[in-house]
Amino acid sequence: QVQPVESGGGLVQAGGSLRLSCAASGRTFSKYAMGWFRQAPGKEREFVATINYSGRSTYYADSVKGRFTISRENAKNTVYLQMNSLKPEDTAVYYCAVAGSPYTVGSLEDSYDSWGQGTQVTVSS
């Protein structure tokens with residue numbers, strides 16, 4: 001069973017930056033896409049970004065495109081989410097997820113079968 005573990009959340013002012021990390025073990029990390037999702041208070045969880053198994057292909061939600069960058073280091077079983085130009089509306093719990101099937105990638109929650117506990121990101125205005 002894979003258990004992703006997120007870190008790097010915190011409180012930041014609008015316009016600032018944070019980098020989230022997610023370490024995942026228990027599966028051949030380099031075969032699986034990784035995704036980031038977030039859930040704001042009172043809202044449903046939404047897709048943020050995904051990266052394919054090799055790191056050569058990425059996809060972002062329109063709301064974060066140009067501000068967030070997803071990357072991965074397969075040698076460290078770790079995926080990152082660099083968040084720049086943060087806005088108050090980026091405030092949410094951010095979740096890391098591992099794809100359920102090797103060599104596939106997607107933006108739907110059903111594409112992922114292992115989820116972390118989440119890390120809080122709060123952006124003050």
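A: Let's begin with the side chain of R67, which reaches the backbone oxygen of S63 at 2.9 Å. That is a polar contact, meaning a pair of N or O atoms within 3.5 Å; within protein, one must be able to donate a hydrogen and the other to accept it, and residues adjacent in sequence count only if both atoms are side-chain atoms. Please keep in mind that this is a predicted model, where local features need pLDDT of at least 70 and side-chain atom pairs count only at pLDDT 80 or more, while totals for chains, interfaces and linings use all residues. Residues are numbered from 1 along each chain as its sequence is written, and side-chain values use heavy atoms, with hydrogens and water left out.

R67 sits in the loop between strand 6 and strand 7; helices (H or I, at least four residues) and strands (E, at least two) are DSSP runs, numbered from the N terminus. With 11% relative accessibility, R67 counts as buried (buried is under 20% relative accessible area, exposed over 50%, partly exposed in between, with a 1.4 Å probe and protein chains only).

Moving on to the strands, F68 has M83 in strand 8 as its bridge partner. Strand 7 and strand 8 (residues 78-83) pair in the antiparallel sense over six bridges; two strands pair if DSSP finds at least two bridges between them. They belong to an open sheet of four strands, in the order 1-3-8-7, with antiparallel pairing. Strand 1 (5-7) and strand 7 (68-73) stand at the edges with a single partner strand each, so one side of each has no neighbour in the sheet. From one strand to the next, the twist averages 15 degrees (axes are lines fitted to C-alpha atoms, for helices over the stretch in contact, and angles run from 0 to 180 degrees between N-to-C directions).

A search of the whole structure finds one disulfide, a term for a pair of cysteine sulfur atoms within 2.5 Å. C22 and C96 form it, with their sulfur atoms 2.0 Å apart, and at -80 degrees about the S-S bond the link is left-handed. C22 lies in strand 3 (residues 18-23) and C96 in strand 9 (residues 92-99), so the pair ties together parts that are 74 residues apart in sequence. C22 is buried at a relative accessible area of 0%, and C96 counts as buried at 0% relative accessibility.

Now for the rings. Rings of Phe, Tyr and Trp (its six-membered ring) pair if their centres lie within 6.5 Å; planes under 30 degrees apart count as stacked, over 60 as edge-to-face and the rest as tilted. By this rule there are six aromatic pairs. One of them is the stacked pair of F47 and Y59, 5.7 Å centre to centre with 25 degrees between the planes. F47 lies in strand 5 (residues 46-51) and Y59 in strand 6 (residues 58-60), so this pair ties together parts 12 residues apart in sequence. F47 counts as buried at 14% relative accessibility, whereas Y59 is partly exposed at 47%. Y112 and W115 form an edge-to-face pair, 6.3 Å centre to centre and 65 degrees between the planes, and Y112 is buried at 5% relative accessibility. Together, F37, F47, Y59, Y112 and W115 form one aromatic cluster.

Finally, the charged end of R45 sits over the ring of W115, 3.9 Å from its centre, and also over the ring of Y95, 5.0 Å from its centre. Here a charge sits over a ring if NZ of Lys or CZ of Arg is within 6 Å of the ring centre and within 35 degrees of the ring normal.
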